[in-house]
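Student: I would like to go through this model and ask what stands behind each term used for it.
Tutor: Go ahead, and I will set each value against its definition.

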Amino acid sequence: MYLTDVHMHSSFSGDSEEPMENMILKAIDLGLSEICFTEHEDRILPVNSGRKEELDFRCFWLDVPPYMERLMKLRDKYSGRIKVGFGIEIGMDPEGADHNYAVASGYPFDFIIGSTHYVDGYDVYYKDYWKQGSPEVQMGRYFERTLENIRSFNDFDVLGHIDFAARYIPGGHEGVYTFDRYKEVIDGILTFLIENGKGLEINTKALRVGMKEPHPSRDILRRYRELGGSVITIGSDAHSAGEVGTFIRDALIILKECGFSEYMTFSGRRFSAHKIELPCSEKDI
Ligand SMILES: [Fe+2]
């Protein structure tokens, strides 16, 4: 069947050192039909208490022209063997909305993921964020900020890893992050997405780091479906060639379990639907 991975970071992202070409070759080797690079662009700098990491956050300012030039060259080189999309993962923030609109409309992107990485001036990856309140409150703030973000910037195609912060809850997410605890704000996010023609991604990174649920959890996927959502993309969030395509097969099985019969890829910001046919390849993907 048509297999894709449309969330990938090469060395053009501040947290990857992998040459783009290595990731393309890996995807070809795995038998993927289509991939999309979605390099990071997070413009608003988090505070993070002035720790030394603060200096490093500028690495998430994406220099789009050289990225685009390299991608277009490789897209041509490998055309006929794999389809390579030109995408971006925009870190949303109400203060950065004008900048983000300019980036989104300034280049011929195929696909834009809108994500929340920073909340109230903190990167949720670091412990400082979790010191601002109880784990329950900080997890709730993550969802609330996501809703604020998509209300202030909506030039994206899918919302990235909707429950991403769960991965960083000190002591683990079990007992803290439950669907029922955050149902109201999650419903607000899902309803907004559906009413505005936006989709969700299923992001397999959580499975790769040993969590039982992908981002989003099955509960959220089922709820999105129940509310009428149908636009869904599949991405590994790979930052190295070895991570390309990982747990894609699991994602397809989970989508089917949650009531989806198809998933999407984007080209020129418009989606194409692909039927989920199981079982897919037995290859290690
Ligand atoms: Fe992300």
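Predicted model: local features only at pLDDT ≥ 70, side-chain atom pairs only at ≥ 80, totals over all residues.

Student: What joins β10 to β11, and in which direction do they run?
Tutor: There are 6 bridges between β10 (residues 262-267) and β11 (residues 270-275), and the two strands run antiparallel. Tyr263, for example, has His274 in β11 as its bridge partner. The two strands form a hairpin with 2 residues between them.

Student: Where is Phe247, and what is noted about its backbone?
Tutor: Phe247 is in the loop between β9 and α10 (248-257). Its phi is positive, about 65°, although the residue is not a glycine.

Student: Is Phe247 buried or exposed, and how do you know?
Tutor: There are 23 other C-beta atoms within 10 Å of Phe247. The cut-off for buried is 20 or more, so Phe247 is buried.

Student: What makes Glu95 exposed?
Tutor: Glu95 has 11 C-beta neighbours inside 10 Å, and the limit for exposed is 12 or fewer, so it counts as exposed. Glu95 sits in the loop between β3 (83-91) and α4 (97-106). From Glu95 to Phe271 the C-alpha distance is 29 Å, with 176 residues of separation in sequence.

Student: Why is Asp180 called exposed?
Tutor: Asp180 has 8 other C-beta atoms within 10 Å, and 12 or fewer is the criterion, so the term applies. Asp180 belongs to the loop between β7 and α7. Its C-alpha atom is 9.2 Å from that of Asp219, which is 39 residues away along the chain.

Student: Why are α6 and α7 called roughly parallel?
Tutor: The axes of α6 (residues 135-152) and α7 (residues 183-195) cross at roughly 25° and come within 9 Å. Angles under 35 degrees count as roughly parallel, and therefore these helices do. The crossing of α6 past α7 is left-handed.

Student: Which residues meet where α6 and α7 pack?
Tutor: Among them are Gly140, Phe143, Leu147 and Ile150 in α6, and Val185, Ile189 and Phe192 in α7.

Student: What describes the packing of α1 and α3?
Tutor: Helix α1 (residues 20-30) and helix α3 (residues 64-77) pack at about 35°, with axes 11 Å apart. Their crossing is right-handed. Met20, Glu21 and Ile24 of α1 make the contact with Arg70, Leu71 and Leu74 of α3.

Student: How do you know that the bond between His215 and Pro216 is cis?
Tutor: The omega of this cis peptide bond is about 0°. Pro216 lies in the loop between α8 (205-208) and α9 (218-226).

Student: What makes the radius of gyration agree with that of a compact globule?
Tutor: For 285 residues a compact globule would have a radius near 19 Å, and the chain has 18 Å, which agrees. The C-alpha atoms fill a box of roughly 50 × 40 × 35 Å along the principal axes. Of the 285 residues, 47% count as buried.

Technical notes. Residues numbered from 1 in each chain as written. Rg over C-alpha atoms; globule rule 2.2 N^0.38 Å. Pairing = 2+ DSSP bridges. Helix = DSSP H or I, 4+ residues; strand = E, 2+ residues; numbered from the N terminus. Axes fitted to C-alpha atoms, helices over the stretch in contact; angles between N-to-C directions. Parallel < 35°, antiparallel > 145°, perpendicular 65-115°, else oblique. Left-handed = near helix turned anticlockwise from the far one by under 90°. Contact = placed C-beta atoms within 7 Å.
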